[in-house]
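Visitor: I'd like to go through the ligand sites and pockets here. Can we start with the ligands and see where they sit?

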Amino acid sequence: MSRDQPDKTPQHIAVIMDGNGRWAQKRGLGRSAGHQAGVKATRQLVEGCARREIKVLTVFAFSSENWKRPEQEVSFLMELFRGTLRGEVDKLHENNIRVRFIGDLSGFRSGLQKDMLAADRKTSGNTGMRLNIAVNYGGRWELTQAMARIAAQIEGGQLQAADVNDELVARHTSIGDDPEPDLFIRTGGEQRLSNYLLWHLAYTELFFTDTLWPDFGVDELDRAIGFFNGRERRFGQTGEQIRDLENNA
Ligand code: IPE
Ligand code: IPE
Ligand code: MG
């Protein structure tokens, strides 16, 4: 088995791209330089995942809590998103990638919102990898939204409380039509979820690395996929049951 052809490719990879600021600080640079270098690593990740025929890639670009950062950093990030989006959308489209933004887009300036929707619209007919970009996103926000929408339907009489189940809740989340993430990657050394995809990560295999995001490349992506291949996913069953199922498949 070559490193480029893992035996079990995860269908959906979810990534927390963390460590841009520390990467820059280590080099005596401002945090902005770290974010800029982070864009390069993100481009490599998107290309690497598309080449490996990953079906869905979901990346965390800006959390609902990141507004609390110094104003200068927040406005730099907004400019960087806008510039990057404008510069990359054609290439993503040529590569048959479907782009979608998840999160509370109403928090952004109208120009940026328009660019996000335009990228979504332009690529919506593509059939290749789905790229979800989480911006002003928080797992609790998403679940609260889902609950409010379901409650409104119950109030309106279209739905009964007894109809509320896993599948219905999932459908009301922003990536409910995608398979759940198989593999989660967080760079930057922290081992926490930081309010990311709280619903969807229930049975995801978790890969943490100390590598700072701008240093993350395809070799480490393959290492993460290799880690995933080494896991036995049991979903509550025993190892024996799983092996029997695999042998009879
Ligand atoms: C992740 O890197 C990028 C964003 C949150 C936008 P950080 O900026 O969190 O980098 P560190 O964690 O401070 O090093
Ligand atoms: C999570 O990273 C959000 C993104 C990478 C966009 P943070 O750096 O904001 O997370 P905390 O604050 O260390 O938990
Ligand atoms: Mg961080």
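Guide: Ligand 1 takes up the space of the largest pocket. Keep in mind that this is a predicted model.

Visitor: Which elements give two or more residues to the shell around ligand 1?

Guide: Those are α1 and α2. The biggest contribution is from α1, with 3 residues.

Visitor: And which residues surround ligand 1?

Guide: The shell consists of M17, D18, G19, N20, G21, R22, R31, H35, A61, N66, R69 and L77. By class, that is 3 nonpolar, 5 polar and 4 charged.

Visitor: What about polar contacts to the oxygen atoms of ligand 1? Start with D18.

Guide: D18 has a polar side-chain atom 2.9 Å from an oxygen atom of ligand 1. R22 also uses a polar side-chain atom, at 2.7 Å from a ligand 1 oxygen. For N20 the polar atom belongs to the backbone, and it lies 3.1 Å from an oxygen atom of ligand 1.

Visitor: How much of ligand 1 does the protein bury?

Guide: The protein buries 86% of the 380 Å² that ligand 1 exposes when taken alone.

Visitor: Ok, ligand 2. Where does ligand 2 sit?

Guide: Ligand 2 sits in the largest pocket, and that pocket is also the space taken by ligand 1.

Visitor: Which residues are around ligand 2?

Guide: I16, M17, D18, F60, A61, F62, N66, R69, R186, R192 and S194. Strand β2, residues 56–63, supplies the largest share of that shell, 3 residues.

Visitor: What about the arginines, R69 and R192?

Guide: R192 has a side-chain N or O atom 2.7 Å from an oxygen atom of ligand 2. For R69, the distance from a polar side-chain atom to a ligand 2 oxygen is 3.3 Å.

Visitor: How much of ligand 2 is buried by the protein?

Guide: Taken alone, ligand 2 exposes 390 Å², and the protein buries 79% of that area.

Visitor: Now the pocket itself. What is the volume of the largest pocket?

Guide: About 1,100 Å³. Its lining has 45 residues, and M17, T42, F60, A61 and F81 are the ones nearest the pocket centre. M17 and A61 are also in the shell of ligand 1 and in that of ligand 2.

Visitor: Which elements supply at least two residues of the lining?

Guide: α1 (20–26), α2 (31–51), β2, α3 (71–94) and β4 (130–137). The largest share of the lining, 10 residues, is from α2.

Visitor: How many nonpolar, polar and charged residues are in the lining of the largest pocket?

Guide: The lining has 21 nonpolar, 11 polar and 13 charged residues.

Visitor: Moving on. What is the volume of the second largest pocket?

Guide: About 200 Å³. Its lining is made of W67, S75, M78, E79, R82, G107, F108, R109, G111 and L112.

Visitor: Which elements give two or more residues to that lining?

Guide: α3 and α4, the latter spanning residues 110–123. Of these, α3 gives the largest share of the lining, 4 residues.

Visitor: How many of that lining are nonpolar, polar and charged?

Guide: For the second largest pocket the lining has 4 nonpolar, 3 polar and 3 charged residues.

Notes. Residues numbered from 1 in each chain as written. Chains lettered and ligands numbered in written order. Predicted model: local features only at pLDDT ≥ 70, side-chain atom pairs only at ≥ 80, totals over all residues. Heavy atoms only, no water. Near = heavy atom within 4 Å. Polar contact = N/O pair within 3.5 Å; in protein donor to acceptor, adjacent residues only side chain to side chain. Areas by Shrake-Rupley, 256 points an atom, 1.4 Å probe, with all protein chains shown as cover. 1 Å grid on protein atoms, 1.4 Å probe; cavity = no way out; pocket = protein on both sides within 12 Å on 5 of 7 lines; lining within 4 Å. Sits in = over half its atoms within 2 Å of the grid points. Points joined across faces, edges and corners; volume = space filled by probe spheres on them. Nonpolar A, V, L, I, M, F, W, Y, C, P; charged D, E, K, R; others polar.
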